[in-house]
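Let's go through a few residues together, one question at a time. Have the sequence and the model open as you read.

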Amino acid sequence: ATSKAPCLVVLSADGSSLMVVHDAGSARPAVTHTLVASLFPDAKSGPAASLFETEGVGLLGLRFIQGGGSAVLGLDADGSLRAVTGMVRGVVSNALSLVPKGGSADGAAQAVGVVVADEEGTGATMKVLDTATRRVIVEELVPGLDLGAQGGPSLAFFSAFLKKDGGFGFRAMVMGNDATLALIQQGEVVWAREESLSGVEQALFADLPPEPSHSAVKDLAQMWQHLAHHLRMQMIHFKMRMKIASAEESAELMRERRSHGEKLKFAWDSQGFRKLVVVLTRAGKVLGLHNGDGRAVWAQMIAKDGVPAPHTMLEARLPPQDDVAPEILLIGPGLKPHTTRLTRLDAWKGTVLESQDVPYSVQRVVQPNVWDKEGRRVVLLIDHNLRAHAFPATPEAS
């Protein structure tokens, strides 16, 4: 970083303090220490995980271990540190130069972009701040960008453009921790892409649920929901015949027709052609894909809130009943050192059935051909002391 003279900023090994080496090129530089907690007195920031540059003059960024938060620090002319932004549950972007129309880049204001995940998981907020005054230049809500389900944002790249009224508009390319990409502009999601499938590391094939019959509809509300959906499709079909349907309605009807084709049904078939492909990605995301067209039936981000990505995925349960969903077992590091996180998923819906940390680190997984009476596979987890632990601990395991 730079102030009047070159400075070196160092983060301590425990992430609790920052050291600024003033006039780093001199033989006897001055050194000052700043506690990270003193920069954010109103936030439970915890230790910082890393220090990074934001490409702006005198600007640095901090990432925190707890909650995946970030903050921007400013290095003043005297070499002292100040918080340009508070700690946010989001990600800090590159620095921006805001050059007015007909102006010079020399006098341009410096800004930095921040994308913050909504605590309720309903959207996100995009902010652009003036690094000199800490003033919020623009703050836009982005509904529909569920960064919480994506494990929070991991990267953001901002750019500014001049609008017709002479003001500035902003767009940002945001990547979630699950490798999902989205382009947001003026408070709207322009497009989003599922890129986590490029990092598939493991895959399993599971049977689909049996095709529901009319007698299987037990809930009256569910019956009315099916009826309303059927009537909507009929109405869109009528509008298409009259050539008054919108492009979105036409696309919806085409998707409906494709999904109800024999090949693309989300239902078990006796020949075994239709299957559910469950994949584990490098980012720690698990997806259920229909093998007919590859569409994602469900997605579940496991590596979030500080939980590392799992390294092993296997079939945990093959129930004898056709109407009971098979289960997937995910094995990976736990939140604390020398612990292991065990997570069971419903293979048909992707919902988390159980998640627990066991007090040992797993070095190897052995899968004997042993199943309990409920169809659950018994696995042996070998810890770092070469002790074997049976999971689940059922009578069949002993």
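Q: Does Arg344 count as buried or exposed, and what is the relative accessibility?

A: A quick note first: this is a predicted model, where local features need pLDDT of at least 70, side-chain atom pairs count only at pLDDT 80 or more, and totals for chains, interfaces and linings use all residues. Residues are numbered from 1 along each chain as its sequence is written, and side-chain values use heavy atoms, with hydrogens and water left out. Buried means under 20% relative accessible area, exposed over 50%, and partly exposed in between (1.4 Å probe, protein chains only). Arg344 therefore counts as buried, at 19%.

Q: Which side chain makes a polar contact with the side chain of Arg344?

A: Arg344 sits in strand S22, residues 340-346 (strands are DSSP runs of E, at least two residues, and helices of H or I, at least four, numbered from the N terminus). A polar contact is a pair of N or O atoms within 3.5 Å; within protein, one must be able to donate a hydrogen and the other to accept it, and residues adjacent in sequence count only if both atoms are side-chain atoms. At 2.5 Å, the partner is Glu327.

Q: Is Trp224 buried or exposed?

A: Look in helix H2, residues 220-241, for Trp224. Its relative accessible area is 53%, so Trp224 is exposed.

Q: What is the C-alpha separation of Gly167 and Leu98?

A: Gly167 is in the loop between strand S12 (153-162) and strand S13 (168-176), and counts as partly exposed at 24% relative accessibility. Leu98 is 69 residues away along the chain, and the C-alpha atoms are separated by 9.9 Å.
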